[in-house]
Amino acid sequence: MAASNLTMWVSSKPDASSLSSRSFLAHLPIHIHSAGAAAPSSRSTQIQCGLRELRERIDSVKNTQKITEAMKLVAAAKVRRAQEAVVNARPFSETLVEVLYNINEQLGTEDIDIPLTKVRPVKKVALVVVTGDRGLCGGFNNSIIKKAEARIKELKALGLDYTIISVGKKGNSYFIRRPYIPVDRFLEGSNLPTAKEAQAIADDVFSLFVSEEVDKVELLYTKFVSLVKSDPIIHTLLPLSPRGEICDINGVCVDAAEDEFFRLTTKEGKLTVERDVMRAKTPEFSPILQFEQDPVQILDALLPLYLNSQILRSLQESLASELAARMSAMSNATDNAVELRKNLSRVYNRARQAKITGEILEIVAGANALS
């Protein structure tokens, strides 16, 4: 029968991870050749299959497509929740920055001695590396780990000691398999970051910095840019700026009162992200306003809260980036499953047509023989 000459060349059984790359289809040439034709030379596994196996293969790809589509929708819903968490935390952060600005104006040029703002010669650096807890999110975890590895090499080149504070299961498993990298603490995240989790990280870095075990603390996390793009960045977490500014590793500070937030919307039936730049209003305090306590004491009490808010914001940004990366990966996997299903259906239809044609030819030949 013509169906017995059907040969498929496949590399592996499709799943969500293999369908998330276009390279899977490149290694899946499916064709029909005659029994006497030479088999193509490749590393793929040769599988002889008939129409039943093709139908099972199509059903398998169809089920995988449903799974990846569902995971895409779940990730999209969670991105929305992460966005709402960022927006809800904004009033507290903005008010805190306003107070820091105005108290600093009250102090003027006075020399203040606050542990969190004390700048000293750097001998040892603590790196807070924020990764995800799950996979199937493209190169999200790999990019931030590569960023951390590059920073470690830079610190070694400068002759500085370092230690790692790992946040997230993927980062934990990575550093556990590399015992030569000093790790101070392993922490696990959650589906939605809370102030309690941020406080646990803040307490750890606070104790390391105040006890002078480390002279600088840097925060490595993934900043959300869009649904298809996220940037791993490094911010100087400690020492803090008394004016409530965020500084990078080169000491360049940006105004924390000016920030961007994202809004998930739909356009022509597709999910899109709109970004707005917002400037937090920082009204001046009244000149007749007096503090019952010393402004230095108030600043000393507010800076730990500001540290906690910055860590919480970075955790929320990292979660939003992870969910956006997962949604993009599942979208690509769904598209590849659709394409693979079309190719398999085409081969199945050709094989079925060849089988029917062969049966018709046999019937005609038998009728001619009898006549």
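The questions and answers below concern a predicted model.

Local features need pLDDT of at least 70, side-chain atom pairs count only at pLDDT 80 or more, and totals for chains, interfaces and linings use all residues. Residues are numbered from 1 along each chain as its sequence is written, and side-chain values use heavy atoms, with hydrogens and water left out.

Me: Is Thr 68 buried or exposed?
Reply: Thr 68 lies in helix α3, residues 51-107 (helices are DSSP runs of H or I, at least four residues, and strands runs of E, at least two, numbered from the N terminus). Its relative accessible area is 1%; buried means under 20%, exposed over 50%, and partly exposed in between, with a 1.4 Å probe and protein chains only. Thr 68 is therefore buried.

Me: What is the bridge partner of Val 128 in β7?
Reply: Strand β7 covers residues 216-226 and runs parallel to β4, with 5 bridges joining them. In β7, the partner of Val 128 is Leu 219.

Me: How many of the 7 residues of β4 are buried?
Reply: Strand β4 covers residues 124-130 and is largely enclosed by the rest of the structure. The number of buried residues is 6.

Me: What is the omega of the peptide bond that joins Leu 238 and Pro 239?
Reply: Most peptide bonds are trans. Pro 239 is in the loop between β8 and β9. The bond from Leu 238 to Pro 239 is cis, with an omega of about 5°.

Technical notes
Pairing = 2+ DSSP bridges.
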